[in-house]
Amino acid sequence: ACGGGRSAVAAPTGPPRRGGTLRVGVTGGGSSDTLDPHTPTTNPDIARVRNLYEPLLYRDHDYEFEMLVAESVTPSPDARVWTATIREGIRFHDGRPVTPADVVATFRRIMDPDDPKSGASSLTMLDEVVATGDRTVEFRLNEPVAVFDDYLAQYSLGIVPADFSLDRPIGTGPFRVDEFTPGLQSVFLRNDHYWRSGRPYVDRLVLINFGEDDARVNALLSSQVDAIDQVPVALVDVLRSDERLRILSSETGTWLPFTMRVDRPPFDDVRVRQAMRLIVDREQMINQVLSGQGRLGNDLYSPFDPAYASDLPQRRRNIPEARRLLAEAGKSGLEVELVTAPIQAGAVEAAQVFQQQARAAGVTVRLKRLDTTTFFGENYLSWDFAQTFWYTRNYLPQVASGSLPDAPFNETHWNDPEFLDLVGRARRTVDEAQRTELLRQAQRIEYERGGMIIWGFLNQVDAYQVYVAGLVPDRTGLPLSGYSFCDVWLG
Amino acid sequence: MSLFRRALALPQAKVGLMLTAAVVLLAVFGPWLGPLLTGHDPMEFAAKPFRPDGAAGTDGLGRDVLSRFLSGGATLLLYAVLATALGVVLGTALGMLAGYSGGRLDSVIMRGNDVLLSFPQLVFALLAIAMLGPQGWLLVLVIGITHAPRVARVARQATVAVRDNDYIRAAQMYAMPRRTILLREVLPNITGPLMVELGLRLTYSIGYVASLSFLGLGIQPPAADWGLMINENRIALVVQPWGVLLPVLAIAVLTVGTNLITDSLASAASRREKEVLS
Amino acid sequence: MTQVAVRNALVVSDLRVATLTGTPVLKGVSYEIAPGEVLALVGESGSGKTTAGLAALGHFRQGLVSRGGTVLASPRDGEPVNVLELPERERRALRGATVAYIPQDPALSLNPALRIGRQISEVLEVHGYGASDAERAARVAEVLTEVGLPGDEAYQRRYPHQLSGGQQQRVGIAMAFACRPSVVVLDEPTTGLDVMTQTLVLRTVKELTTHHDVAALYITHDLAVVSAIADRVAVMYQGELVETGGTEEVLRRPGHAYTRRLVAAVPHLDGGSPGTPASGTAPVLAVRALAVSYGDHRVLRGVDLDVRPGECLMLLGESGSGKTTLSQCIAGLREHDGGSVELDGATLPAATRARSAEQLRAVQYVFQSPFSSLNPRKTIAQSVEAPLRTLTDLDRAARRDRVAEVLDRVRLSRALADRLPDQLSGGERQRAAIARALVTTPRVLLCDEVTSALDVSVQATIVDLLRELREELGMAMLFVTHNIALARHIADRIAVLRDGEVVEEGAVDDVLTAPAHPYTRELLAHTPRI
Amino acid sequence: MFHLILRRLAVSLVVLWLVTLLVFVATLLLPGDPARAILGQQATPERIAALRAQLNLDAPVWERYLDWLGDVLTGDLGTSAATQESVNALLGDRIAASLVLLVSAAVLATILGLALGTWSALRRGRGADHAVSGISLVIAALPEFVIGVALVVLFATTVFPVLPSVTLAPPGEPVWSEPAQLVLPVLTLTLVVTPYIARMMRATMSEVLDSGYVEMARLKGLPERIVLTRHALPHAIGPVAQVIALQLAWLAGGVVVVEFLFRYPGIGQALIDAVDHRDVEVVQAITLLVAAVYIVVNLIADIVGILVNPKLRTEVSS
Ligand SMILES: Nc1ncnc2c1ncn2[C@@H]1O[C@H](COP(=O)(O)OP(=O)(O)OP(=O)(O)O)[C@@H](O)[C@H]1O
Ligand SMILES: Nc1ncnc2c1ncn2[C@@H]1O[C@H](COP(=O)(O)OP(=O)(O)OP(=O)(O)O)[C@@H](O)[C@H]1O
Ligand SMILES: [Mg+2]
Ligand SMILES: [Mg+2]
């Protein structure tokens with residue numbers, strides 16, 4: 001979907017020009033590449049989904065809500081029923097209008113008990129989806145959820161026709177499929193029925209998989225692609241000095257924390273967790289791991305949430321205090337194994353830096369480096385000390401994904417009764433001020449006792465040729481303006 | 001052994017020995033030398049990543065490249081030597097047994113050999129490492145096993161050439177046990193090709209360990225290791241070439257050195273054979 | 001010296017050749033050969049014979065350079081040219097056309113991947129012999145017939161490996177004579193051939209040279225051959241010609257000390273001291289109806305042999321007759337299919353592994369080639385000690401003493417004990433091998449062609465040594481050979497083996513003077529004598 | 001000769017069968033759940049269970065082996081766990097692409113290697129020989145990725161940016177539709193392989209040139225050209241064919257790194273991908289394929305060896 005937000009400032013000036021082919025190099029992907037709107041896994045999957053399909057609403061470049069297939073999404077006073085109104089005149093790629101039946105079918109597909117899609121796990125509160133008018137659909141929940149719109153604003157919840165099949169991957173996105181070769185590339189054409197008139201500007205969009213950093217950067221340097229995502233941060237300065245290129249650096253809420261299991265020794269002792277948090281030199285982390293391309297973290301996530309607890313004091317490295325806490329816990333000379341894998345650029349590097357930093361406090365960190373598949377394999381949720389990676393999310397959806405006992409990815413096995421009570425109440429609280437207060441208290445608990453070391457937020461750094469216009473910084477954490485290419489044009 | 005003396009008489013062997021010795025010395029004493037020269041521990045953060053600070057700049061995590069380079073050869077060498085030793089010992093044993101026994105045992109061993117040979121090396125490494133994780137002993141094992149069938153071929157061929165010599169028959173006539181015949185009569189007479197193979201395998205091992213590290217399957221971070229350094233610093237080749245160039249140079253010099261020695265061993269061995277024949 | 005009036009076909013004067021490092025190989029060699037004449041060039045191994053021969057073609061092996069002298073070769077219809085001064089192109093044109101070469105080992109010199117007809121015709125082609133392919137084809141057939149081979153198409157299409165050694169050598173000769181050269185250089189062309197084939201080859205060479213007026217340089221170290229073929233002899237010693245003259249004259253009245261040594265070493269069929277046949281006593285070694293076959297090929301067809309204590313039996317037979325097979329069966333190195341080998345009346349197990357240490361000690365075997373029977377990586381002492389280690393329980397010091405004792409016995413200086421085989425000469429190696437066989441004081445010693453890989457002069461010393469040892473130690477001996485000339489020097493009795501069967505057996509004198517079997521007679525007839 | 005070749009063929013088949021066994025067992029031992037690997041981090045337990053059932057991951061091992069072997073024998077390499085597509089379809093284009101890469105590199109390296117080897121054998125001990133030996137020694141000493149990176153820096157990105165550094169074929173069109181993209185990968189592989197062939201060729205040729213029959217050919221007065229082409233070269237073919245075969249077989253497996261580096265859409269890239277995703281069927285297919293290439297190439301080399309050796313060739317007739 002196309003963002004509203006600020007307008008682009010790039011080399012080509014004047015009004016946007018139509019036409020041309022935009023070739024984008026995207027990190028990752030492989031033979032399991034898919035066009036399924038509801039199971040995007042890798043970056044290329046996400047990039048495809050973002051351009052072919054649209055959910056009811058989504059986050060724009062500033063991480064504010066933006067209505068897409070829906071014109072509005074409003075809660076009932078008790079936040080148990082949410083009503084979405086479909087945008088007037090919106091059509092699928094084949095020209096058929098979007099009907100409430102399509103929306104209902106979409107959610108049935110996602111929630112299919114035999115084959116639940118990625119979005120299903122965070123929609124457990126959803127009882128049923130009912131068409132209530134020509135253009136309205138009701139989402140009936142089994143409990144009040146005050147921020148349900150946030151749950152709907154996911155790229156993996158794109159609206160598709162009721163008769164959707166992967167052989168005819170149709171959505172309402174700015175582009176439609178022309179060709180698709182798993183593991184290699186996809187070619188999309190302009191969707192002439194797109195609801196935002198005049199857009200997209202380019203005729204063709206080619207998304208090309210790149211497994212290798214080298215190959216991707218080299219392809220950009222040798223002008224075989226127009227834009228690439230995820231520039232290795234260490235190369236930012238070099239690429240910036242190249243006149244043919246532009247760097248797109250976005251501040252995001254993406255984080256790459258260390259996870260400590262709070263229910264197993266040695267991290268079941270809160271003093272050990274606190275000591276570990278005091279060991280990290282966060283500035284050094286950002287400098288060494290991210291080459292400075294990041295912002296300081298304070299062991300709290302969701303920095304763009306209005307309820308973010310920015311009043312809590314910034315935690316800094318304090319080795320004497322860390323040693324004291326460890327001694328108190330009887331864990332001086334602690335030895336731990338840190339499980340790491342290249343789950344994201346910088347992950348293995350961060351582990352190495354942490355290993356080095358821990359020495360100062362007399363903590364010996366052994367690195368166990370796995371490949372990504374093994375990392376996310378059978379033992380994924382049972383590592384005592386590991387890492388994880390999340391894109392920008394607001395607080396409550398993030399808690400639902402990772403900080404509740406029944407959350408699908410509760411890596412730290414976080415199960416704090418006081419915290420659960422606060423969060424549960426907040427979820428049901430429609431009043432924003434009241435909710436914010438509850439969330440701040442919950443964050444304070446995580447700040448004091450949590451199992452994650454959140455040392456910073458990563459900037460998203462991408463690069464493109466100077467003749468490409470319309471790419472803007474994006475807070476969601478997805479690269480290249482959130483992979484949204486409908487505002488992009490070629491000078 | 002006279003083979004060595006003969007080989008050493010060749011100028012290329014001297015050059016090879018010098019190159020190899022230089023790199024080995026560097027690898028062995030580098031870990032002590034590094035901090036003295038640069039003032040930085042190989043693990044310590046000296047500056048931001050890929051900055052031209054220090055003699056050879058910093059690496060992807062801002063550690064001092066020179067210091068890491070100096071301490072990065074030991075593991076590579078150790079693994080390469082161990083893997084070579086394993087492969088040559090295993091392969092020689094199998095090859096000699098096959099070549100000397102002939103018949104059914106020979107066929108069984110050599111077919112097994114063929115199977116191993118046709119199994120792609122890299123897939124083997126990939127699978128083994130995916131199975132058990134990248135560990136030092138596994139690297140040594142994987143590379144050693146990869147070498148074994150190749151060495152076995154050579155050892156078998158050499159053994160077959162020696163087997164029908166009358167001195168082997170004489171030993172049989174004195175009812176010498178098979179093991180003794182293999183060790184005392186056969187082995188000393190196939191040292192020529194085996195030494196060549198040893199050198200060749202060592203050269204391959206070095207490249208192989210480096211290649212596996214390059215694919216992220218070899219020696220693991222944060223170890224300072226030449227192969228790994230190339231992998232880690234490759235993206236910044238244009239900005240901070242030293243992180244790649246120093247280890248590449250060292251590996252190249254080392255392999256060129258071992259290759260030269262191997263070469264001279266080969267020509268010394270073939271010359272010896274010619275002399276024996278004439 | 002019959003054709004003084006005729007212009008010499010090849011005149012070599014003051015030829016000097018040295019290695020790249022400067023060591024002289026030929027120190028001013030001069031000789032000349034007239035058309036139709038055969039000059040034999042004799043000399044010990046390494047004296048420079050091949051070098052001198054190749055120089056006639058203007059060819060020096062890699063590592064050797066010419067250091068002066070002239071080689072004048074006269075084409076059939078032209079002026080003599082100095083080969084050494086010709087540019088490379090013209091030298092090539094000369095080779096094969098004016099001066100041709102017949103190599104020592106045809107098995108190595110014929111290209112294994114080319115049909116023999118092709119190999120002959122290509123010489124004709126490059127030298128522009130004949131006007132058409134048909135003419136050349138006819139010449140190939142003709143020259144093959146001249147050397148006594150079938151010239152037909154099918155034969156020409158054979159590959160070298162499909163010919164026997166003698167046939168290969170004759171192809172080599174045909175190749176050399178194909179262009180009707182005026183000079184041929186033959187480098188030991190009969191070494192490695194059996195006597196019958198040797199006679200055939202010698203006869204062919206003789207015929208061709210006289211018939212076509214070709215000057216031949218015949219390189220050899222076998223004086224018997226020299227007397228059979230050469231008109232004149234040149235004796236080479238350490239890169240110099242020490243003596244030249246008519247064959248008769250040189251062989252009868254050798255002037256130079258080296259020549260005298262050479263002549264003395266030639267075994268004589270009619271000289272020597274016949275042993276005393278020990279009859280009556282029970283045989284120490286008895287072979288009964290021994291049969292061996294390889295697949296369908298029956299190598300031994302029921303051989304019976306007796307060797308009595310203290311006796312030497314010579315087993316005579318041409319190449320491939322089964323001599324080695326038989327002796328290895330006795331030694332237990334080869335399994336047999338039928339029959340038995342008995343030691344003192346008791347049957348020996350077929351395989352060495354099944355024999356007792358006592359039996360192993362009693363029967364010892366000396367291999368044909370001293371170059372392959374000693375482990376090149378073990379010192380002489382180690383090799384000689386090996387049987388003691390496995391077959392006796394002597395302690396280390398006792399073993400060492402025994403080794404020293406045996407080395408003395410075979411007249412090997414103790415200084416050589418710690419050398420590796422390749423630091424010894426062939427004769428010394430063979431002594432070491434004999435020492436190894438003697439170290440367990442065997443009752444029967446099997447000697448398989450122990451002299452055939454050695455120089456004539458060395459051969460004589462080994463034969464002498466064996467005779468003395470037998471007298472000193474009183475052991476029985478089976479002496480396997482294809483050289484009937486050695487009979488009187490060593491044996492008491494002879495058994496003649498042919499195609500796996502013993503065709504004649506008897507006391508040396510009886511067999512040599514009154515051979516019963518036609519094959520034995522033929523053998524005797526073909527053995528060249530001085 | 002024919003029974004010799006037939007026996008060689010039979011041996012190859014047995015080896016190939018053993019390889020299938022090894023491949024199957026080895027891939028079975030891969031840890032991790034393919035289902036989870038396919039679905040990635042965001043997978044829910046229900047989805048994983050559903051997929052496991054669909055992939056028939058719970059059947060007994062021998063049954064799966066027999067099934068798989070039967071399919072392979074009928075030319076069906078199975079269904080990719082990751083994409084749910086037929087492996088044949090998935091790999092078809094990639095095999096073609098890899099073949100193009102391999103064959104061009106092989107042809108180039110063979111020609112270059114033979115020429116250089118012969119040339120330096122003829123100039124043994126002279127400057128040119130030392131130069132060729134030295135250079136090939138250094139290149140042989142460099143791991144392939146180093147050569148690849150160096151070429152990219154030289155010709156694609158930094159020094160002379162004239163060639164593309166990665167392969168981006170329009171979908172549906174074969175990689176060779178843009179030959180410029182093939183240059184660097186082919187060049188890298190060629191540089192890796194050529195030194196070995198050249199060195200072997202030099203050694204073999206030196207030996208042949210020292211042989212009695214070559215000396216004899218010269219003594220017959222044959223011009224050097226004929227000595228070389230008719231008498232020397234044919235004898236080098238047998239042993240060198242073996243080395244070329246080994247190198248080609250290496251290429252088939254070693255192409256992974258190069259394909260990875262140049263993002264070349266061949267089987268090497270598919271392999272790394274498949275191992276990452278525990279896409280067992282694809283790993284099996286590719287491994288088997290590479291093994292088969294190895295076996296076939298060696299078979300051909302042996303048959304060439306038999307054919308150029310008149311002794312073996314005429315075995316039946318004599
Ligand atoms: N290529 C060479 N380089 C250096 N020295 C050589 C070379 N070829 C031969 N020689 C030396 O030259 C001498 C004469 O060798 P040549 O082959 O002519 O002897 P020969 O009389 O033919 O011996 P044989 O009877 O063993 O054939 C020997 O001492 C030998 O070591
Ligand atoms: N291992 C074998 N396999 C098949 N045939 C063999 C084998 N060894 C020997 N022969 C054949 O057996 C026959 C006798 O061989 P043997 O070696 O006993 O002959 P020989 O009399 O010692 O000959 P020479 O004088 O050449 O040494 C020959 O025709 C030979 O081809
Ligand atoms: Mg000679
Ligand atoms: Mg014999």
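**A tour from chain B to chain A**

Begin by selecting B:Val24, B:Leu25, B:Val28, B:Phe29 and B:Trp32, which together make a nonpolar surface patch of about 510 Å². The model on screen is a predicted one.

Within that patch, pick B:Val28.

Next, select chain A and switch to a cartoon view. Its secondary structure amounts to 14 helices and 21 strands. The radius of gyration of chain A is 23 Å, close to the 23 Å given by the globule rule for 491 residues, so chain A is as compact as a globular protein of that length.

Colour chain A by relative accessibility. Of its 491 residues, 65% count as buried. Then show the surface: chain A exposes about 16600 Å², with 46% of that supplied by carbon and sulfur atoms. For the contacts inside chain A, take those with a separation of 6 or more; residues 24 or more positions apart account for 71% of them.

Finally, bring the other chains back. There are 5 pairs of chains in contact, and chains A and D share the most contacts among these pairs. Select chains A and C for contrast: these two do not touch, and their nearest C-alpha atoms are 50 Å apart.

Note on methods
Residues numbered from 1 in each chain as written. Chains lettered and ligands numbered in written order. Predicted model: local features only at pLDDT ≥ 70, side-chain atom pairs only at ≥ 80, totals over all residues. Heavy atoms only, no water. Patch = residues over 30% accessible without salt bridge, like charges linked within 9 Å, V, L, I, M, F, W, Y side chains within 5 Å. Areas by Shrake-Rupley, 256 points an atom, 1.4 Å probe, with all protein chains shown as cover. Salt bridge = Lys/Arg side-chain N within 4 Å of Asp/Glu carboxyl O. Helix = DSSP H or I, 4+ residues; strand = E, 2+ residues; numbered from the N terminus. Rg over C-alpha atoms; globule rule 2.2 N^0.38 Å. Buried < 20%, exposed > 50% of the residue type's maximum accessible area, 1.4 Å probe, protein only. Contact = heavy atoms within 4.5 Å.
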